[in-house]
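Student: I'm about to look at this one for the first time. Could you walk me through it, question by question?

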Amino acid sequence: MTIATTAPSGNVGRHVVRDLVRAGVRPRVLAHRPGSLNPALRDHVDLRVVDLADEAAVEESVRGVEALFVTVPAVMSDDPLADYARFGASIAAAVSRSGVARVVLQSSVGAELRHGAGEIDGLARVEELLDGTGAAVLHLRCGFFFTNLLPQIDQLRAGEVPVVLPTDQPMAWLAPVDIARVATPWLLRADWSGRHVRAVHGPEDLSWDEALTIVGRATGHPVRARRVTDEEMRAMLAGAGMSAKQVDAMLGMSTGLRDGFVPEQARDVTTTTPTTLAAWSYAVLRPLLAADGGRPR
């Protein structure tokens, strides 16, 4: 069986690659920046250097592939939703023309809304494009990544994280490694067809208040959530250098899921994954905060 994955160095893709290698598979990895691939894996993968926006190159790279794991690459331009549509169209066309049988997409909770959820709308469009390929498709609707706290390390050091959600509103939090643990078995299986949706909700729903209390206990560095207005957050993001469309895409992921949103799939044994925020924070955030002495800057 030939299995391919995009974004082999990403938060999820790198775990998918390792899981496939451990399973005895030599995965085909489609990398835009091959230098970011873990050197220890080089002899265990079939590396293809490809820009996922290059439809012909993607088609050539996935020819002969039976199962494909898709992560849309980090959006870098001033128009994130246009980028999702461009990458999605390229990948979908390549899947159709090359005859890939099964596709697993790393999507997001909120993609079921289709519109009004900022950058998540881009993933909703990718879902729609893949649904039209004729391939069997699994959409993994993932919750909020623990790793989203890493760009906020300065706020964690300062002891306060600004958020636009009500600080007591629960949502699904999860470790990226657990997405790979769900995706990999589906990639290895050849006995499924049609369209499937599977939520990946992590071990428990947490509000920002609860999550940051857990982070504080695990790291020994107390931190709290501070609710700000949409306008204040918009100004912060613009001040960080984001374009207006980038700000809309980023802010919309919170505002679009804020008022009465309920995920399409409930939390149950099929959508709950094991890695806790406490364990992740102790292993990942604690050393980062300790490296700076745990002091506000």
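Tutor: Strand 5 and strand 6 run parallel, with seven bridges joining them; helices (H or I, at least four residues) and strands (E, at least two) are DSSP runs, numbered from the N terminus. Keep in mind that this is a predicted model, where local features need pLDDT of at least 70, side-chain atom pairs count only at pLDDT 80 or more, and totals for chains, interfaces and linings use all residues. Residues are numbered from 1 along each chain as its sequence is written, and side-chain values use heavy atoms, leaving out hydrogens and water.

Student: Which residue in strand 6 is the bridge partner of Leu-105?

Tutor: Look at the bridges between strand 5 and strand 6, two parallel strands. The strand 6 partner of Leu-105 is His-139.

Student: In what order do the seven strands of the open sheet come?

Tutor: Two strands count as paired if DSSP finds at least two bridges between them. Strand 6 also pairs with strand 10 (residues 195-200), in the parallel sense over six bridges. Strand 3 (46-49) and strand 10 are the edges, each pairing on one side only. Put together, the parallel open sheet has the order 3-2-1-4-5-6-10.

Student: Is strand 6 (residues 136-142) mostly covered or uncovered?

Tutor: Buried here means under 20% relative accessible area, with exposed over 50% and partly exposed in between (1.4 Å probe, protein chains only). On one side Ala-136, Leu-138, Leu-140 and Cys-142 are buried, and on the other so are Val-137, His-139 and Arg-141. With seven of its seven residues buried, strand 6 is mostly covered.

Student: What handedness does the β-α-β unit of strand 5, helix 4 and strand 6 have?

Tutor: Helix 4 packs on the sheet, touching strand 5, strand 6 and strand 10. To judge the hand, point the strands away from you: a clockwise path from the first strand over the helix to the second is right-handed. The unit made by strand 5, helix 4 and strand 6 is right-handed.

Conventions. Contact means heavy atoms within 4.5 Å. Axes are lines fitted to C-alpha atoms, for helices over the stretch in contact, and angles run from 0 to 180 degrees between N-to-C directions.
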